[in-house]
Amino acid sequence: MIEVEGLTVSYGAGRRTVLALEEVSLTVAEGELVAIVGPSGCGKSTLLFAMDGLIRPTQGVVRIGGKEVRGIRRDVALILQDAGLLPWKTVLANAELGLRIQGRRGDVREVLAQLGLAGFEHRYPGELSEGMRRRVGIARALALHPKVFLMDEPMANLDSITRQRIQNLILELWQRLHFTGVLVTHDVEEAVFLGQRIFVFSPRPGRVVEVIDNPGVGTSDYRDSDQFLARVHHLRKALVGSAT
Ligand SMILES: Nc1ncnc2c1ncn2[C@@H]1O[C@H](COP(=O)(O)OP(=O)(O)OP(=O)(O)O)[C@@H](O)[C@H]1O
Ligand SMILES: [Mg+2]
């Protein structure tokens with residue numbers, strides 16, 4: 001479903017060039033949910049931007065559904081790091097933004113209600129809790145009914161209870177909607193809770209250094225299993241290893 005082949009991305013030109021990703025190759029099967037883990041600045045957001053067609057690869061190619069990604073696509077939705085809400089727009093307007101950018105119409109009220117945001121449509125982001133703001137970001141993406149869901153640290157900087165709630169929400173949405181998902185996170189437990197496979201990246205320039213199979217994903221009590229703890233331990237070691 002998603003094929004990344006020899007993806008290299010550099011920013012800037014001349015002596016200011018920053019190599020963000022180097023020769024990254026990976027595939028995500030249709031309906032699969034994978035996690036991308038790596039140190040800050042290793043190019044995780046860059047990878048999602050390339051998958052979403054927001055930036056062009058310097059080398060290599062990204063294909064979704066067999067077609068090369070060359071710009072924003074209707075069937076792909078990106079949840080931005082820190083939700084990316086516009087503070088001067090209401091919850092409703094923020095949730096509709098993705099549809100509007102794509103020149104589409106649709107009723108986002110139903111999606112907002114599913115995420116527990118009914119009654120808050122006319123509030124502004126500044127009037128919400130951080131957990132609610134993240135759910136508005138998720139609603140904006142869900143409203144597109146995407147086949148591919150790209151998530152850039154949707155749970156970063158949340159308290160642990162809210163973080164678990166949103167993790168459970170993402171699991172439930174994935175099981176109900178069968179989207180193909182790529183979750184970027186630097187939280188080890190979160191990667192193991194949600195990633196059927198976990199791609200470990202090196203520090204910048206980001207390269208895939210390990211792929212961990214994690215077939216236990218799928219129930220909210222997976223967190224309490226020995227298998228979960230063993231994988232968390234393994235991933236921690238892999239991350240430390242990648243940084244040395
Ligand atoms: N527009 C830009 N111009 C120049 N350099 C950039 C630009 N955007 C990102 N970079 C650099 O590219 C590298 C990768 O950035 P990216 O945001 O993809 O990392 P990340 O893994 O998402 O980091 P974090 O975990 O902190 O979100 C970083 O070193 C960053 O400084
Ligand atoms: Mg990032």
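Q: Which residues bring helix 4 and helix 5 together?
A: Please note that the model is predicted. In helix 4, Gly-131, Arg-134, Arg-135, Ile-138 and Leu-142 take part, and they meet Thr-162, Ile-166, Leu-169, Ile-170, Leu-173 and Leu-177 of helix 5. Sorted by class, this contact of helix 4 with helix 5 has 7 nonpolar, 2 polar and 2 charged residues.

Q: At what angle do the axes of helix 4 and helix 5 cross?
A: Helix 4 covers residues 130-142 and helix 5 covers residues 160-177; their axes cross at roughly 15° and come within 10 Å. Because angles under 35 degrees count as roughly parallel, helix 4 is roughly parallel to helix 5.

Q: Left-handed or right-handed, that crossing of helix 4 and helix 5?
A: Helix 4 passes helix 5 in a right-handed crossing.

Q: And helix 2 with helix 4, at what angle do they cross?
A: The axes of helix 2 and helix 4 cross at roughly 40° and come within 6 Å. Helix 2 and helix 4 are therefore oblique to each other. Their crossing is right-handed.

Q: Which residues make the contact there?
A: Helix 2 contributes Val-91, Asn-94, Ala-95, Leu-97 and Gly-98, while helix 4 contributes Val-136, Ala-139 and Arg-140. By class, the contact of helix 2 with helix 4 has 5 nonpolar, 2 polar and 1 charged residues.

Q: New topic: what is the volume of the largest pocket?
A: The volume of the largest pocket is about 310 Å³. Its lining includes two or more residues from each of strand 6 (76-79), helix 2 (91-101) and helix 4.

Q: Which residues lie nearest the centre of the largest pocket?
A: Asp-52, Leu-78, Gly-98, Ile-101 and Arg-140 lie nearest the centre, out of 16 residues that line the largest pocket. Gly-98 and Arg-140 also belong to the contact between helix 2 and helix 4.

Q: What lines the largest cavity?
A: The lining consists of Ile-79, Ile-138, Phe-149, Met-151, Ile-170, Leu-173 and Phe-179. Strand 7 (148-152) and helix 5 are the elements that give two or more residues to this lining. By class, the lining of the largest cavity has 7 nonpolar, no polar and no charged residues. Ile-138, Ile-170 and Leu-173 also take part in the contact between helix 4 and helix 5.

Q: And which residues line the second largest cavity?
A: Ala-50, Gly-53, Ile-55, Pro-57, Val-62 and Val-69 line the second largest cavity. By class, that lining has 5 nonpolar, 1 polar and no charged residues.

Q: Now the backbone: is the peptide bond from Arg-204 to Pro-205 cis or trans?
A: The peptide bond from Arg-204 to Pro-205 is cis, with omega near -5°. Pro-205 lies in the loop between strand 9 (197-201) and strand 10 (208-213). For context, most peptide bonds are trans, and most residues other than glycine have a negative phi.

Q: What is phi of Asn-157, then?
A: Phi of Asn-157 is near 60°, a positive value in a residue other than glycine. Asn-157 is found in the loop between strand 7 and helix 5.

Conventions: Residues numbered from 1 in each chain as written. Chains lettered and ligands numbered in written order. Predicted model: local features only at pLDDT ≥ 70, side-chain atom pairs only at ≥ 80, totals over all residues. Heavy atoms only, no water. Axes fitted to C-alpha atoms, helices over the stretch in contact; angles between N-to-C directions. Helix = DSSP H or I, 4+ residues; strand = E, 2+ residues; numbered from the N terminus. Parallel < 35°, antiparallel > 145°, perpendicular 65-115°, else oblique. Left-handed = near helix turned anticlockwise from the far one by under 90°. Contact = heavy atoms within 4.5 Å. Nonpolar A, V, L, I, M, F, W, Y, C, P; charged D, E, K, R; others polar. 1 Å grid on protein atoms, 1.4 Å probe; cavity = no way out; pocket = protein on both sides within 12 Å on 5 of 7 lines; lining within 4 Å. Points joined across faces, edges and corners; volume = space filled by probe spheres on them.
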